[in-house]
Amino acid sequence: MTFTSEIVGSICSELFGECLNVFKDLVGIESSEEEMMDLLNTGVDDVRFIGIWGFGGVGKATLAEVIYCKISNQFDAKSFICIGSIREIGNHYLIPLQKELLSNIDERELNITNVGEGKQIIRQRLRHIKVLIVLDNVNEEGQLDALAGSRDWFGPGSRIIITSRDKQLLTTHEVDNMYEAKTLDNEKALEFFSQKAFKQPYPEKDFMDLSNDFLEYAQGLPLALEVFGSSLYKKTLDVWKSFLDQLKENPNRKIVERLEISYKGLDQNVQELFLDIALFFKGMDQN
């Protein structure tokens, strides 16, 4: 599965065919898409919560958008909510999210004064409607409680897709099925990197060795492959070599900022444990 930051968080076109064209050049998405379709099983009239989990930059949101585009015409209404890395004090920020969810489905004027009221309105207005909802990048249980607290909030056949870095959060919310978004294998990683760096599925001959160096550094992470490939498009060999040397000394800030979100989302004790482990391994033999 691949990741393209330009499209993450965007709402797909209303025209189904155009929507799919947005994703036509994604590499390695087919197998992930098939697994998700099996988990969703849209031909059944029960209400299902499906989780997509994995660390930052691995392509959770992209997969959710592909599925959203593919099946949205099978539902009476739809909504794609990009929660992002919201970590606010109190519940005030949840009310705008509730309003956004409802406004995407029901255009009637809303007057929500508190989260509890918003939960009641969501249930009242959606419990007889077959809806497709994506809650992208959920990081707190309170967000799920406010937007998709229970299956009886939604009409028969509804599907709620939740993406998160936190597997336990999805387990606690009792999702029906869970898909783990993984990094790319070497073959798919090379193809994806080449699409970004050369606009073709394989590197140019003189750039093969350097391409493999970047693949080794990226370790199959789609976000890293995208940033590297896009930055090196139409650049000379000397620029490639210089970029790689700089990368070894100073990691690319775009990637670090995305991965830091996962770290900052941990509680203090887990952050300290992570740093202890990182420092313990610094300078040791890789094995």
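Q: Which residues form a negative surface patch?
A: The model is predicted, so local features need pLDDT of at least 70 and side-chain atom pairs count only at pLDDT 80 or more, while totals for chains, interfaces and linings use all residues. Residues are numbered from 1 along each chain as its sequence is written, and side-chain values use heavy atoms, with hydrogens and water left out. The negative patch consists of E30, E34, E35 and D38.

Q: Is E30 buried, exposed or partly exposed, and what is its relative accessible area?
A: E30 belongs to helix α2, residues 29-40. Buried means under 20% relative accessible area, exposed over 50%, and partly exposed in between (1.4 Å probe, protein chains only). E30 is therefore partly exposed, at 45%.

Q: How many aromatic pairs does the structure hold?
A: Rings of Phe, Tyr and Trp (its six-membered ring) pair if their centres lie within 6.5 Å; planes under 30 degrees apart count as stacked, over 60 as edge-to-face and the rest as tilted. The number of aromatic pairs in the structure is 13.

Q: Why is the pair of F214 and F228 tilted?
A: The ring centres of F214 and F228 are 5.6 Å apart. Both residues are buried. The pair counts as tilted because the planes stand at 55°.

Q: Which helices hold F228 and F243?
A: The rings of F228 and F243 have centres 6.1 Å apart and planes at 80°, so this pair is edge-to-face. The two residues are 15 apart and lie in helix α10 and helix α11 (residues 237-249), respectively.

Methods. Patches are made of residues with over 30% relative accessible area and no salt bridge: like charges are joined within 9 Å, nonpolar side chains (Val, Leu, Ile, Met, Phe, Trp, Tyr) within 5 Å. Accessible areas come from the Shrake-Rupley method with a 1.4 Å probe; for residues, only the protein chains shown count as cover. A salt bridge is a side-chain nitrogen of Lys or Arg within 4 Å of a carboxyl oxygen of Asp or Glu. Lys and Arg count as positive and Asp and Glu as negative; His and the chain ends are not counted. The place of a charge is taken as NZ of Lys, CZ of Arg, CG of Asp or CD of Glu. Helices (H or I, at least four residues) and strands (E, at least two) are DSSP runs, numbered from the N terminus.
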